[in-house]
Each structure stands twice: as structure tokens, then as C-alpha cells.
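Colleague: I would like to read the strand and helix packing in this model. Please take me through it step by step.

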Amino acid sequence: MLKKLSLLLLVVMLATMVGVSVTSAQDDVTICFGFQDLETEFWVAGYRAITQTLTEQGVTVLEYNANEDPNRQQEQVRECIAQGVDGIIIIPQDGDSAVTIVNEAQAADIPIAVFNRPPNNRDAGLIVVADNVSATEQAVEFIAQKALRQFEVTGEPVTPLIIVGALQDTNAIGRREGFYNVINRYNEKYPGMFNEPIEVASEWDAATALANLEAAITANPNVDFLYTSSDFLFPTIRSVLEPRGMWVPAGDPNHVLMAGLDGDATACMLLDQGLIDATGVQNLFLEAELTLNAILDAIAAGETQPNAVLLDPGFALTLGNLPWQRSDMWGCQLLDDGFLDQ
């Protein structure tokens, strides 16, 4: 109940923070909003921000949940096209299916915006995306600096592990790239600092991540540097590390240097407790604003096939900047509103 109340509070907050440039009445506008599921805090908050703001603008919103089935999502979008909607917003299942959906919408002269999970081809549609490479690099850089100090003192190489997302998803690809950019850069400058990284597949599924991480840590108990491609997996990580005495705050000799990406309430709580060191933050407020402005402006201007990539540069919240940048992370606002309270 408290989680539902906190999400409603977030909606009110977002309604005041998400600025929409088209301020005239939108009573005659219908937008199809298709999303792949509402599995994580980020997707729930993004969904609510978009639907609440559109409704307050007087826009009719047709909602479609594909339940993580890309074929079903394509059929739902085709249904929207057949109904002659004025615009489409989608959170696609993956980058491949997003290309097909965008192309079909634009072939029907219906403007379409893609929220946060971009198509693998960005030559069509309005694409709102976080700079996953940059946000990952910022978060991993923070723990790499700490690892370097450890390496300089002990001379022992650091054993890094990355939990990767579903690699048919452009977001997962960018996060993996950002991780390796940092690892490779440090190994070039400080030869021997990092051992060969261990990759753990998650497919954006907690059960898959749990089984694979358990196997990886059992085989490599010396892992002391971990990056998860999504914050929603931190509870899974805890269930594997805590029984082994590896889930302890920064400063403890058994602390595993950890970073993630998203910026959810759990990550904020873990930063407050010193149990993780950094997370790359997707700016939910900015991304919702960019999406709504772009689609409503295109409809108002009669642009049926707009194309633009609208970038959220992201940032990293770390144990270093937490005291003054904490309030910038959407998950911290959620946490402070009691989202994780029982």
C-alpha cells in the first residue's frame, strides 16, 4: 500500500517537474502508449509520468501492455495504427522489434516516440535515450579509482565482474561497452591492474541473474569489483554475496567495490548505507519531458515522420558526491517519500 502511495506522490511531483511545451488544449488528440512491462521502479515511474501528464493535457491515452512479448507489442501497435491515432509512444521490448514498430508507424504517417530503450537503427522516429556508455563510465570510473588505490598498495590484481543485460537491447550493449572502456583504459595505463573480467548473463531477469551469479562467485570467490547493468538486480546480488561475508560497507576489508545503473530507490538506500559505491543515473524527469514535448510538438506541427535523437546525458551518484547531489536522483526522491517502507 505504501509503495502505491509513494508512486502516486511521485506522479504529483513529476507533474510539476515535467514541462510540456504544447500548452493548448489537446482534447482532440489520441496517443497510443505501448510498453513492454512494468517490472522495475524506473518503468513504473516513467509510465506514470507519461500517462498522468498526457491526461492532464486533455489527451486521450490508449494503453497497451505487451508483457515482454515483442510480437504482441507489434500487433498492439498495428491495432493503434488501424484506429488512426494521432501519435504513438512506446517502451519497446528490444532494439530489433523497435525498428519494425517505428518503420510501420511512420509508413502510416503517424509520429512515434521511443522512450528510453532505443531502436537499433536511429534513422527514424523520435528517440529519447540515456547515454548509457557515459553514465556507465562515470559510475565505473569511481570504483576503478578506488581499485587503483588498492592495487597500488597491495600489488594484487583486481578481479572484476559484470552482470550484463539482454544484449539484443541497445541499452545493455551500451552499458557493457562503458564498463569495458574503463577496464581497458586502466589496464593500458596500469598493466596487470585488472584480471580478465567475468561476465554474468542476466537477460534482464532476476532468476537468470541469480543462477548465473551464484555459479560465477562459487567459481571465482576472489571477485572484488562488480558492476550490474541495472540497479534492480542489487537484491539478487545481496542474496549471493551476503552469505559469503562479501556484502559489507565500504571501508570493511571484505567490501566488494560495486556500481550499477538506473538510479532507483534501492540504489539510493544502498548508497546511504555505504553498501554500494556508485550508480549511473538516468534522469527520469528529463526523459519524460523530452518524450512528451517531442511527440506533442510533432502532432501540433503536422509532422508525421519526425526523426531526432534526444539525449539524456545522465550522471553518476557516488559515495563521493552523495552529500550534495543526492536530491538529483529520482530514486532518492522516491526513497525519501517512503517507497521502500514496509
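Colleague: How many bridges join strand β1 to β2?

Modeller: Start with the general idea. Strands of a sheet pair through backbone hydrogen bonds, either parallel or antiparallel. In this predicted model, β1 covers residues 30-35 and is joined to β2 by six bridges. The two strands run parallel.

Colleague: What is the strand order of the open sheet?

Modeller: Read across the six strands: β2-β1-β3-β4-β5-β11. The pairing is parallel. At the edges sit β2 (60-65) and β11 (307-312), each pairing on one side only. From one strand to the next, the twist averages 15°.

Colleague: Which strands does helix α3 lie across?

Modeller: Helix α3, residues 70-83, lies across β1, β2 and β3 (87-91). Its direction is at about 155° to β2.

Colleague: At what angle do α3 and helix α4 pack?

Modeller: Look at the angle and the axis distance together. Helix α4 spans residues 95-107, and α3 packs with it at about 10°. Their axes are 10 Å apart. Angles under 35 degrees count as roughly parallel, so α3 is roughly parallel to α4.

Colleague: Which residues make that contact?

Modeller: From α3 come Pro70, Gln73, Gln74, Val77, Arg78 and Ile81. Ser97, Thr100, Ile101, Glu104 and Ala105 contribute from α4.

Colleague: And how many residues of the α3 contact with α4 are nonpolar, polar or charged?

Modeller: Five are nonpolar, four polar and two charged.

Conventions
Residues numbered from 1 in each chain as written. Predicted model: local features only at pLDDT ≥ 70, side-chain atom pairs only at ≥ 80, totals over all residues. Heavy atoms only, no water. Pairing = 2+ DSSP bridges. Helix = DSSP H or I, 4+ residues; strand = E, 2+ residues; numbered from the N terminus. Axes fitted to C-alpha atoms, helices over the stretch in contact; angles between N-to-C directions. Contact = heavy atoms within 4.5 Å. Parallel < 35°, antiparallel > 145°, perpendicular 65-115°, else oblique. Nonpolar A, V, L, I, M, F, W, Y, C, P; charged D, E, K, R; others polar.
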